[in-house]
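Dear colleague,

Please read the notes with the model open beside you.

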Amino acid sequence: MQFETRCVHTGVDKDGTFNSATTPIYPSSTFRWDDLQTHRGFDYTRSGNPTRRALEENLTALEGGIDSRATCTGMSAITATMHLFQPGDQIIAGHDIYGGTYRLFDSLFRQMGIDFVFVRMSDPENVRKAMTPKTKCVWIETPSNPLLNIVDMAAICKIAKAGGAITIADNTFLSPYLQRPFEHGVDIVVHSTTKYLNGHSDVVGGCVVTNKKEHADRISYVVNALGLACSPFDAWLVLRGVKTLGPRMEAHQRGAMALAKFLDSHDRVSHVYYPGLPDHPQHDLAKRQQSGFGAMLSFELKGGRPAVEKLLKKLTLFQLAESLGGVESLIEYPDSMSHASMNEAARREAGITDSTLRVSVGIEHPDDLVADFGKALAE
Ligand SMILES: Cc1ncc(COP(=O)(O)O)c(C=O)c1O
């Protein structure tokens, strides 16, 4: 089945009682046993739930894995994967990953004895140089947040494998419609389903998708033991959102390309970060590795924070809000919002300035989005 068909149909026929066309929500926390040996596949919702299972089957199929676990946030999905490692292990990550992931690694898991090294991952040589016998994982986020640097997954996976490390990719920014990390050699894929997979800014969730039995078993154990799984209602919302993933991503991308071109030509903008622009330093890699350029873009507005504050007041279609991937367009200021959990030195090292703005382009008509920016920048 083609991708869009899998979005609509996988994991959906769960109702033998009334033959409903969509997956019912099973809010029950517990399930009756027929006798001491037999139950119908579920006994307690922390461990497993039919609605959540339907979503997990769907997400597994979309990423091309063998199993997945749907979690209550993206951060809990990332937390689950960290439990594959032991004190003394080292993990290499990009220096410009999502701020919350950076915080989780640099403060909480570092305290527990895991060592993290942050490198400029757009050059795979930096990963090769950072590898040591203690390296057990390379953490990939591509495109990176917020500056849309692209990581060459095949090259990184080759280096990690040669050094005996696994690779985990956060595929939140593109969704499996535009990028499938398993096809490039990645071992585990995580998502914040809060973003494009749900797509409607009305749920927080995450998932871990695996393609090897040892990882699937361990992640399933960890998610149950730590109690990280998402609620049946949240699972149902994400399952509903996923059905329109393909058409939404197409609409998101149309708007993003139009806005990127407009901003790139505007004299009040000094730089646009969007892999779809031919002058993006990794435009060719993005073309090769992704099946589209996505709908996240960032740019540098001339005039620093005062100019930023003025612009934010004038935009009408772009809500000043964190998060991304919903149908409505959002704009945010990484320096004090999404990346505030990094210290200033780490933000500057990652290339985030006091003039950087990040946009999550929604599915509104591209002409309206461009006109809104045109007006706000002209005033
Ligand atoms: C790339 C990326 N990964 C993970 C997360 C964390 O997801 P959540 O907010 O659902 O916990 C985010 C949140 O913004 C993100 O942008």
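Strand 1 is joined by 5 bridges to strand 7 (residues 206–210), and the two run antiparallel; strands here are DSSP runs of E with at least two residues, helices are runs of H or I with at least four, both numbered from the N terminus, and two strands pair if DSSP finds at least two bridges between them. Within this pairing, serine 68 has valine 209 of strand 7 as its bridge partner.

This is a predicted model, in which local features need pLDDT of at least 70 and side-chain atom pairs count only at pLDDT 80 or more, while totals for chains, interfaces and linings use all residues. Residues are numbered from 1 along each chain as its sequence is written, and side-chain values use heavy atoms, with hydrogens and water left out.

The open sheet consists of 7 strands in the order 1-7-6-5-4-2-3, with mixed pairing. Strand 1 (67–71) and strand 3 (115–119) stand at its edges with a single partner strand each, so one side of each has no neighbour in the sheet.

As for confidence, the protein chain averages a pLDDT (the predictor's confidence in each residue, from 0 to 100) of 96. The lowest confidence falls in helix 13 (residues 344–349), with a mean of 90, and the highest in strand 7, at 99.

Finally, phenylalanine 299 and phenylalanine 373 are both buried, which is to say under 20% relative accessible area, where exposed is over 50% and partly exposed lies in between (1.4 Å probe, protein chains only). Tyrosine 102 is likewise buried, at 12%, whereas phenylalanine 118 is partly exposed, at 21%.

With best wishes
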